[in-house]
Structure formats: C-alpha cells, structure tokens
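Here is a friendly walk through one model, written for someone who likes cut-offs stated plainly. Please keep the viewer open as you read.

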Amino acid sequence: MMTQYLIILLLMVPLISSAQESAVIRGTVMDSSGQPLAGVTVEAVDGVQNRRFQASTNDKGFFSLTGLTAGKSYDVTFNRLGYERYVERSFLVRGGDNNSLLVRMSEAIEKVDEVVVVGYGTQRRALVTSAISKMNVDESTLRPVSSPAQLLDGRIAGVSTATGSGNLGSGERVSIRGISSLSASNEPLYVIDGVPITNTNSNLYDFGESMSSLATLNIADIESIEILKDAASAAIYGSRATNGVVVITTRSGKEGRADIRLNVNGGMTQFPYLNKIKMADSELYVKSMNEGIANYNEQYGLQIGDSGYKLPISNPFGNLPDTDWMDVITQTGSFFTVDAAVSGGTQKMKNYFAAAYTTQEGVIKTNSMDKINLRGKMSYEVAPWLEIGTNNSANYVRNNQIPGASLGTTIIGRSIQQRPFDRPYKPNGDYYVGGTNELVYHNPMQILNEQTVYIEDLRYLGNFYTTLKWKDKLSWKSSFNADVTQTYDHTYYNENHPYGVGVGRLLDRNRLIRNYLFENVLTYNDKFGDFSLNAIAGHSFQKIDTRTTYIDARGFPSPSFVVASAAAETISSSGRGIYTLESYFGRATLSYLDRYILTGTLRTDGSSRFHRDNRWGWFPSISAGWNISEEDFMQGSGTDLKFRMSYGRTGNQDGLGSYVYQALMQGGYNYLGNSGIAVNTFGNETLTWEKAGQYDVGFDLGLLNGKVNVMVDWYQKNTTDLIYSMPVHATTGVTSITSNIGSMRNRGAEFTLNTHFNFGQFQWLSQFNIATNKNKITSLIGDDAPISIGGNRALQVGQEIGAYYLFKMEGIYQYDGEVPKSQYDIGIRAGDVKWQDLDGNGIINDNDRVVMGSSNPDFSGGWNNTFRYKGFSLDVFLSYVYGNDVFAQWQGEVARLGHNSAITAEHAENRWTGPGSTNKYPRALNGDINNTRNSDRWLEDGSFIRLRTLMLSYNFPTPTLNKYHIKGLRTFLQADNLFLISNYPGWDPQVSNNMDPRFFSVDTFNVPQPRTFTVGLNANF
C-alpha cells in the first residue's frame, strides 16, 4: 500500500509544478539617445530563493528572460561596460509572456574609461596629464549654426566664442585661454581627422564683415571636438599651437553594426529684441531738430534774412504714419536641412558615407545661403599587418550677402538712421534717393534690390593613408592630406545702385588655396612588468599655395552683360604666395600601474616665413600625473582623483605674410607710360617666432562612482617676442617694419562640474563651467605711454589687449560761466558735455584720451541641464559672460540731437533744456562738434545671461519601431536664443564689427544673433 501511495505522489509532482505557471520577460534596452544597445547582460534575481536568470540583448537591443515564475517579484539588473548599472526593483511577473520592459541606460561618467583624441593619436583619460576638454556632438548639443566653432559657445571652460553678426555665415572668433598675440593670429589651430586646415576669411572683397571659412563644413558629421588648452597637450603641434588646438573627429563606421541615419529639420528665425532700441517718432524728432536749430541761431545771433540763418523743418508727409524702417528691411527667416548617412563595419572593413543639404534665409531681406556636403570614409585591413584607408569630403556653399556693419552701405545703419517720416518708395514706385532732401542716407531697399553679391566656396578635404603594424606594438602610418578651397567673390552693383554710379560696377575676385600635407608617424606601445610605454615619432611637410585674381570693371552696356570683357573700364591684379613648414616631432608617455604618469613632447618646426638663420623653432613640453585613486588607501572609496601639472613652450607664426622677412616690391609705379616697381615693405631678417611658455596645475575629481565629476585648472601663459608692425620714420620710405617688440601674460583658472543622477526612470545630467582670464601687456617698445592703434584703442604696458582709448565724460555744463574760455571760443556752451581735461590746458584734444575698460570679460561659462523621463528629454542650456565692456558706437550716430538723421527717444526726451535738468544728456544743437566724441558715453556693460538652447525631444519605444525595422526614432522641438538678460542697450552684446582682439567688441548696428525655432526628426534604420 505504501508503495502505491509513493507512486501516486510521484505522478502528481509534474501536475503540482505546472500549477506554478512559467513566465517570460521581454524588453528592449536603449542608450540615452534612443539607439539600441547590444551586449547588455540582463539578470533577474528571485530574492526569496536567490535563483538567477540571465539573458543578453541582441543587435536590436532586444532580450528575453525565460523560466521565471508567474506571481513572483524579481530584481532585474542591466549591466554593460561603459554604462551606468540599472536595476528595476521588485518587478512583478504576470503569467505568460505579457511582461515587457523598456530600459534606457546612460553612459558611465568615469574619466578612466573615456578615450580622448590627442595630437597624432588617442589616449585613455586616466593617462592624460594635460588640460584637454572634450565635447561629444550629438542630438543634445547640436544647434542650427553654420560653423562647428559656434557649437562651442559656453560649452567648455576657458573657450570663448563670438560671431561678427547674425548674418548667415558670419565670421567667428574663438579664444582659448585669452589673447596671445598683437598682430599674428589669435585663432586656434583647427585639426580635422588629423589634418591641420586653413582658416581664412571667405570675404575677398571687404563687404563689411568677415565670413567664416568653416561654414562649409557639415556639423552633423562631427562625432566629437577636443580642445587642447595647455602647452603640454598642444606643443605636439609646435609653431601653430600658442592659441590652442581644436581637434575635430568626424563619424566613422562601427564594427559589427550597419546603420542608416536620416535627419530632417526646419524652422524659422527672427530678429530678436527688435523694439529694444526705441527711436523718436516724427513729432519728437521735429521738435528736437527745431530746438537744435533755434539753439544754433541764438548762439550765433542769427536772425531771419541773415547769412547762415537756419530755417526750422516740418514733416513733409503731415499726419501720415511714420515709416518703420526696421520692418522695411527685416523678414522672418527660414531654414531646412536634410542629411543622411550609411555606415557599417566588420573586423576588417569600416565605412561611412554621408550627404547633406541645407537652405537658409536670414532675418534681413535677400540674405540667403545654400550648402551641400558629401563625405566618404573607408578603412580596410588587407592583412593583420597592413591597413589602408581614405577620408574625403566635398563641400559647397553659396552665400548671398548683405552689406555688413563696416561697409558704407551698412544695411541697418542705412535704415534705422533715416528720419521717421521718410519713405523708401515714391508713389510711382521709384526709389527715394539718398543724400538728398528726399532721404538722408542711401535707400536701404535700393541697396538690397540693385546688387548681386555672393560668395561661392568649394572645399575639398582629403586623406589617404597606409598603416603597417607589428604585433600590436609597433605601427607606421604614412599619409597624404589635402585641403583645397576655391573661393569666388562676386559683387555687382547695377546702374541703379548707389555705388553703380549710373554705369554699373563689377568686383570679381577668385582665390585658390591648396594645402598639402605629407606625414609619417611611428607609434610604439608596450608593457614592461608594471610599466607601460606609449611613444610616437614623426615627420611632416606642409605646403600652402595661394593664388588670387582681382578684377574691378565699370561701365556696362546692359545688366545682361555682367562680364569684365564688356566693361568700359577694367582694372585687374593677381598674386601668389607659397608657404612651407617642415616638422619633426615626438612624444613619450611612461606610466607605472596607471598610477604615476610622465609625458614629454618635443617638436621642431622650420618655416619659410623666416630667414634661414631664424627659421627653426624648438617647442618642448613635460607633464606629470598622479592617479591618487589607484593608491591602495583609495580602493573601494568610489572616488577618482588625479593630480596633474605641466609646462611647455609653443609658437605662433600664423597670420603673417608668406614673405614677411623679405623686402617686397610692388608694381603700379608707372612713369611716362613705362611700367615701374618700387619697394613698399622693408624686410627684417632677425624676425623670429612668437614664443609662449605655459604652466598648468590641475586636478580631476570623480565622486559617487562617477556621478559627480570636477575638473579644475590654474595656468599662466607668458608670450615673448611679440610680432608687431613697429613704427619707423617716414623718411625711410615706409612707416613701419614687422618686428619682435614685446611680451604679455595670460593668467587664469577654470572650473568644470558634471553630474549624472538616476532616480529610477528619471535622469538628471548637468554640466557647469566657469573660467576667468586676465591678460596683461608686460613690455613694449620704448616708454610706458599709451600707443594709439586706431579704432579708439591703445596698447600700454600694464593694460590688457582690448583696452579702450576714449575721452572721459565728467558731466554737463550747466552755465556758460563754467565753460573754459578756450572752449567757449569754439562754441561750447551750457548744455554741452564737459570732458576730462587730462593735461589741464583748457583744450580738449586727443591728448586727453584715457585708457579704460576692456572687451575681455572677468569670467564666462555655461550651464546645461538635461532631464530625461522614459522617452522624453528636456535640455536647458544657458551661456553667460560677465565684466566685459562693449563700445556701442551706434549710440553716437543716433544721439546727435539737432542733426539731420534719426535719434533715439531716450536722448531726445531727456535732453538738457536748462540748468539742473540733467547731467547726462546734452542739449540739442544743429552742427554740434563736441557732444558725440568717441568716449565713455558709449562704453556699455556687455555682461549677459542667454538662454542659448531649450529643447524638448521624444524617443519612440523601440519595441514599436522594431515592427517597422526602425532602430530609433526621435522628434524634437528646439528654441535657440530664446531670451537675453543684459543691461546692454543694444540688441546683442556678443557681436562685433571686427574679430581682431585689439578692436573686438564694437557694435555699429551689427545684426544680432537670430532667435531660432526648430522642429526635427532623427531616424535610424
């Protein structure tokens, strides 16, 4: 009987087991950008029985956990190298396979695992002993801008950026750790996929502002941007690295993946803060003008009928509405971009092919730009010891320009300064003509409509290489690189344009820049017990050949024949410059247990720009690092700490002429019908490199297992042998000679704080940075008196480059008796500005100007916050600058009360009308010669906080997309430049009519950076 019961019980066991229903958890794992993650280990743990169930995600990020028990709760853990561990706690499993999880994993912010691009190679962040910052370019950091340099605005400590204006393709200024030169280049060296490129102004004819040559590039192709900030990281680039190095890495195919990317976006742009500058209406303008006329007649005792008596004015259009001159020239801009890429790779071959098209219309009428980009990148491992590859891009831009702020036809200046009652068009549709009683200045619509002005840039970037390898220890890479740019600058004024003078004028200019680079680099990696060694040695030869042709043609029979051969008068010229640079370089990094690291670099450059006796410069550096977190006493603390320090020397010779050390001759000195040439520049065989020695001390700190990361740096950069055009006696036949004349110092500090916190499905990422830099001229030629350099600027020992040289206002004369006799005799009266008389001689002249203020900020930076919940993401990015001064030169143009042009309501309403009425705003006076001097009246605080980017995006769930064979789909709404907090009275304190740091931060009615609204879609297949 007992045997029978046992048999029955054994037969019932499977029935009892089947009552505990089995279940399955299926799901998808994605990264922070919505891309599927392969190779994620998924583990479910039964907390009661401690049973474990494991699975892995496939190439679509999909996983399936089987064998679980329905009705039980499991802790489901997700792990992948390089990503934050994610745990879904107490997940209740229902019966069957109706259990799904959608998980988004974030990249682990641990510096030791990050790889950064350094000169001629890459390096683990743990072994980096210099100041290198990295910006990953992805959907969260992309903005609708023309140039990759503009992406850096506020993103990296110690890197400041600005654009000339909000016009399409406007030139930019990038400054890394301050100003390092007087007249040589202050722009960093740009290296794209290992190729140092040229960065020249695309405007061949000065159309009022510089145009960016980097605007030809496709920013969607960029994977990351590294900034080499200190001399230890940049010295490997030697004579071009004083201003730092911007290393741009483009996207490549990935091993084991096949991807198709499609990005489509479009939107609109606006002229921001348009009503911030309030102009006087016709009634106030006429009242102020007539008061100025009355003051003039009274001051000089003129009566009706007297010679010189001035008559009052009236509004010729009576009660008709005023003209909104800014509305006449502005428009709502638009843009559309589509880019696509196909990439993939195997163990032996990787490829990447991309194409993009962008069309834009600016916020000023007729300003537009079209861009086409093509890129192909391939690498192939022919054998374990041989790899070949190529990387090519073709880029085309056509930019239809408008006159910039420094041109006589500056479009805003020729609009906002018109009298409020004037009109652009006559009743019959003809233009009112500027410079007459009809219109004060050139008609802005006549300027825009009767000109054809555009730049065409065609740029090819190419790289071809072969790499020989031996046992993963030794490799030799030989490469040929090309950067070829053809620029065509076409400016045509037809006979109806103010500059066409009734016959038409064509300015036709071409430039071809061929930049060829041959490089050979030997790399060695090995380990010797606890020591590891990485070393490189290389040679490079670079040749830059520039050809230019210029044609100025006038007098055309018809607008249909806009070719120089049809012109009645033609002037032409051409030029060529060749510059070569030969270099030898090396670097070695020795580390012990990844705990103590020592790196040394040495580069020597020979430049054809200098005489053979001074041609070669030597640029060494040394740096050391201590990974304190690798010490035994730090193990298990969850803290990463590295101390580093460095010193190095770099050079500068960019921005100089190809033959600057030689005496040059110029044609055109013809005599009695015979051609003639003459010396126009003296040479200087002793001219040599600018040299900069830089110290850097810093530390990197990671807390809470990488959730909080801090990077701090202190530095001092001393630049000597500054290159400058030193004045010489005019009796020599020239006025200056290029020489090494002085020195300067930059001293500053940088702080970066990155945080990354997960709260279940909610994530918060934050990046904050702040930097300060103090520039000081430490020596110049001769004494320490200010050296006027024009543009209301001066150089002086002890001052910054960028200091202003202006008259200082002390108030308003309230009574005639206060006016010194010497000034009274030339017409100064009560109500006029009282200027500081520096030399006390009673006369106000250039000797009374004072060095004051600076265009350089006290500190600047940015703060980005990203909030993610499930598929939603919100990015809020602020940039800020504090303590810089902007010379608002436009104010002097619209504050001339009693002058025959528009005035601001502020100056008209608050003008001096009698003793005690104001001590800030002068009286109205027709013919005033005193009150609008270039002075601190127009020097304004340029500090600001800008909401640079606000973006809301959504990543669609991968399980849904998998049904349609889509790997990822993201849609977003983005607003750029949404608001600006600033006391600056103009539209934008971050623009300038000159990118030269000596003359930077002058606003002459520059078009502000536009406000942009974007909607877009990112798809991956």
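## A mixed sheet

Strands S13 and S16 run parallel and are joined by 4 bridges; in that pairing, Leu-189 has Val-245 of S16 as its bridge partner. Strands here are DSSP runs of E with at least two residues, helices are runs of H or I with at least four residues, and both are numbered from the N terminus. Two strands count as paired if DSSP finds at least two bridges between them. Before going on, please note that this is a predicted model, in which local features need pLDDT of at least 70 and side-chain atom pairs count only at pLDDT 80 or more, while totals for chains, interfaces and linings use all residues. Residues are numbered from 1 along each chain as its sequence is written, and side-chain values use heavy atoms, with hydrogens and water left out.

The open sheet has 5 strands in the order S10-S15-S16-S13-S14, with mixed pairing. Strand S10 (132–136) and strand S14 (195–196) are at the edges with a single partner strand each, so one side of each has no neighbour in the sheet. Strand S15 (residues 222–228) runs antiparallel to S16, with 6 bridges between them, and Ile-225 stands opposite Ile-248 in S16. Strand S13 (residues 189–192) is antiparallel to S14, joined by 2 bridges; there, Ile-192 faces Val-195.

How many residues of strand S16 (residues 245–250) are buried? The count is 6 of its 6 residues, where buried means under 20% relative accessible area, exposed means over 50%, and partly exposed lies in between (1.4 Å probe, protein chains only). Both faces are covered, with Val-245, Val-247 and Thr-249 on one side and Val-246, Ile-248 and Thr-250 on the other.

## Salt bridges

A salt bridge is counted when a side-chain nitrogen of Lys or Arg lies within 4 Å of a carboxyl oxygen of Asp or Glu. By this rule there are 43 salt bridges. One of them pairs Arg-375 with Asp-221, with the closest N and O atoms 3.3 Å apart. This pair links distant parts of the chain, 154 residues apart: Arg-375 is in strand S20 (residues 368–383) and Asp-221 is in the loop between S14 and S15. Both residues, Arg-375 and Asp-221, are buried.

Another joins Arg-644 to Asp-713, with 2.7 Å between the closest N and O atoms. Arg-644 belongs to strand S29 (residues 640–652) and Asp-713 to strand S33 (residues 708–720), so the pair ties together parts 69 residues apart in sequence. Arg-644 is buried, with a relative accessible area of 1%, and Asp-713 counts as buried at 1% relative accessibility.

Asp-832 and Arg-923 also form a salt bridge, their closest N and O atoms being 2.9 Å apart. Asp-832 and Arg-923 are both buried. Salt bridges that share partners also join Arg-177, Lys-229, Lys-642, Arg-644, Asp-696, Asp-700, Asp-713 and Glu-750 into one network.

## Two loops with positive phi

Asp-472 has a phi near 55°, a positive value in a residue other than glycine. Asp-472 lies in the loop between strand S22 (451–470) and strand S23 (474–493), and is exposed, with a relative accessible area of 75%.

Asp-594 likewise has a phi near 55°, positive in a residue other than glycine. Its loop runs between strand S26 (569–592) and strand S27 (596–607). Is Asp-594 buried or partly exposed? At 23% relative accessibility, Asp-594 counts as partly exposed.

## Contacts around two residues

Ser-608 is in the loop between S27 and strand S28 (616–627). The C-alpha atoms of Ser-608 and Tyr-579 are 6.0 Å apart, although the residues are 29 residues apart along the chain. Leaving out residues up to four places away in sequence, Ser-608 touches Ile-578, Tyr-579, Thr-580, Arg-615, Ser-658 and Tyr-661, where a contact means heavy atoms within 4.5 Å.

Asn-955 is in strand S48 (residues 944–955) and is buried, with a relative accessible area of 6%. Not counting residues up to four places away in sequence, Asn-955 touches Ser-32, Ser-33, Gly-34, Arg-104, Gly-871, Leu-969 and Arg-970.
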